[in-house]
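Open the model in your viewer and keep the selection panel at hand.

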Amino acid sequence: MDFETLLKELKLALETLFEDKWEGLKNESKKDIDQFLNDSKAKLKRWTALLVNNNIDLEDYEWLIKSQKDVMLMHALHKAGIHKISIGHFKSKVIKTIINVVKTVVL
């Protein structure tokens, strides 16, 4: 598994997700995405390796990824005045996107 390739795919997918939802915040959201991926990189790498090596199943992996939801600091969305509920729903979409990318790239 090439983890750097996975990170690039995750970044692209998350940027697209942001752009589809809030096109006007594209540049600001890139900073948030980079920050989240940098803050979560070690855990994502470790958890993905566990998944690839069949030490955990996809359900456990999803649970671990969901635990990172609070690490997602969506500064761009907060500054734009997006309601907390909308941000929470969007964070759930981010988690689903991460899972889908991982399934596509490494499984």
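Buried here means under 20% relative accessible area, and exposed means over 50%. The model is a predicted one.

Start with α1, residues 3-21. Its 19 residues should span 27 Å at 1.5 Å a residue, and the end C-alpha atoms are 27 Å apart, which agrees. Now select its buried residues: Phe-3, Leu-6, Leu-7, Leu-10, Leu-14, Glu-15, Leu-17 and Phe-18. They cover an arc of only 165° around the axis, so they sit on the same side of α1. Their packing partners are α2, α4 and α5. Turn to the face pointing away from that buried side: the exposed residues Lys-8, Leu-12 and Asp-20 are there.

Go to the start of α1. A side-chain oxygen of Asp-2 comes within 3.3 Å of the backbone nitrogen of Glu-4.

Next, the largest nonpolar core. How many residues does this core have? It has 31. Select those with the most contacts inside it: Leu-10, Leu-37, Tyr-61, Ile-65, Leu-77, Val-94 and Ile-98. Helices α1, α2, α3 and α5 each supply at least two core residues. The largest share, 9 residues, comes from α5.

Zoom in on Leu-10. Beyond its neighbours within four places in sequence, Leu-10 contacts Leu-37, Leu-44, Ile-98 and Val-101.

Finish at Thr-97, in helix α5. Is Thr-97 buried or exposed? Its relative accessible area is 15%, so Thr-97 is buried. A polar atom of its side chain lies 2.8 Å from the backbone oxygen of Lys-93. Leaving out residues up to four places away in sequence, Thr-97 touches Ala-13, Leu-14 and Leu-17.

Conventions. Residues are numbered from 1 along each chain as its sequence is written. This is a predicted model: local features need pLDDT of at least 70, side-chain atom pairs count only at pLDDT 80 or more; totals for chains, interfaces and linings use all residues. Side-chain values use heavy atoms; hydrogens and water are left out. A nonpolar core is a set of buried Ala, Val, Leu, Ile, Met, Phe, Trp, Tyr and Cys residues joined through side-chain atoms within 4.5 Å. Buried means under 20% relative accessible area, exposed over 50%, partly exposed in between (1.4 Å probe, protein chains only). Helices (H or I, at least four residues) and strands (E, at least two) are DSSP runs, numbered from the N terminus. Contact means heavy atoms within 4.5 Å. A polar contact is a pair of N or O atoms within 3.5 Å; within protein, one must be able to donate a hydrogen and the other to accept it, and residues adjacent in sequence count only if both atoms are side-chain atoms. The expected span of a helix is 1.5 Å times one less than its number of residues. The arc is that of the directions from the helix axis to the C-beta atoms.
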